[in-house]
Amino acid sequence: MVFVVEHETLNLFGVLCFNIYYFYIMNRLTEITPKYLDEIPKELEEGVLYISEKYWVAIHLCACGCKDKSVTPLKTIGDSIGWTLTKINDKVTLNPSIGNWSSEKNIGYHAHYFIIENKINWC
Ligand SMILES: [Zn+2]
């Protein structure tokens with residue numbers, strides 16, 4: 001009886017791990033839409049890249065679907081650090097790539113992608 005319980009627990013754990021992995025792969029976004037605002041709202045929507053040219057920052061929810069905030073300070077003239085935002089019509093490109101770290105959800109470094117002309121290119 002004890003063996004059966006342990007066996008079931010192990011199976012359940014395996015299924016859970018697979019589902020978490022599956023969730024992160026299946027919920028990955030492939031596209032993001034830029035939205036220009038002065039102030040970044042508290043509640044963010046998935047699939048939106050909030051850009052504040054006033055504060056030189058872009059914020060979005062991690063494209064893996066984990067809902068973690070990814071903050072990318074934008075490079076201004078003379079800055080050596082930060083991301084370069086390139087706008088062509090309604091399409092944006094962020095350079096360099098984005099790597100997301102989440103200690104809060106205990107998933108560590110887990111998402112790495114480029115945003116090129118509103119498309120998310122996973123690494
Ligand atoms: Zn994520």
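Is His110 buried, partly exposed or exposed, and how many other C-beta atoms lie within 10 Å? His110 is partly exposed, because 15 other C-beta atoms lie within 10 Å. Here a residue is called buried if 20 or more other C-beta atoms lie within 10 Å of its own, exposed if 12 or fewer, and partly exposed in between, with C-beta atoms placed from the backbone.

This is a predicted model, in which local features need pLDDT of at least 70 and side-chain atom pairs count only at pLDDT 80 or more, while totals for chains, interfaces and linings use all residues. Residues are numbered from 1 along each chain as its sequence is written.

**Overall layout**

The chain holds one helix and eight strands, and from the N terminus the elements follow the order α-β-β-β-β-β-β-β-β. Helices (H or I, at least four residues) and strands (E, at least two) are DSSP runs, numbered from the N terminus. Of the chain's 123 residues, 16% count as buried. Contacts are counted when the C-beta atoms of two residues, placed from the backbone, lie within 7 Å. Among contacts between residues at least 6 apart in sequence, 36% join residues at least 24 apart.

Let us take the sheets in turn.

The table lists some strand pairs; two strands pair if DSSP finds at least two bridges between them.

| Strand pair | Sense and bridges | A bridge partner pair |
|---|---|---|
| β2 and β3 | antiparallel, three bridges | Ile51 and Ala58 |
| β5 and β6 | antiparallel, five bridges | Leu85 and Leu94 |
| β7 and β8 | antiparallel, four bridges | Tyr113 and Trp122 |

β7 and β8 also form a hairpin with two residues between them, and Glu117 in the turn has a positive phi of about 45°.

**The nonpolar core**

A nonpolar core is a set of buried Ala, Val, Leu, Ile, Met, Phe, Trp, Tyr and Cys residues joined through C-beta atoms within 7 Å. The largest one has 17 residues, of which Leu49, Ala58, Ala63, Leu85, Leu94 and Ile115 touch the most other members. Two or more residues come from each of β2 (48-52), β3 (57-61), β6 (91-102) and β7 (108-116). Not counting residues up to four places away in sequence, Leu49 touches Ile32, Thr33, Pro34, Lys35, Ala58, His60, Val92 and Ile115.

Leaving out residues up to four places away in sequence, His110 touches Cys64, Asn100 and Ser102. Asn100 is ten residues from His110 along the chain, and their C-alpha atoms are separated by 6.2 Å.

Glu53 sits in the loop between β2 and β3. Glu53 is partly exposed, with 14 other C-beta atoms within 10 Å. Glu53 and Leu74 are 21 residues apart in sequence, and their C-alpha atoms are 8.5 Å apart in space.
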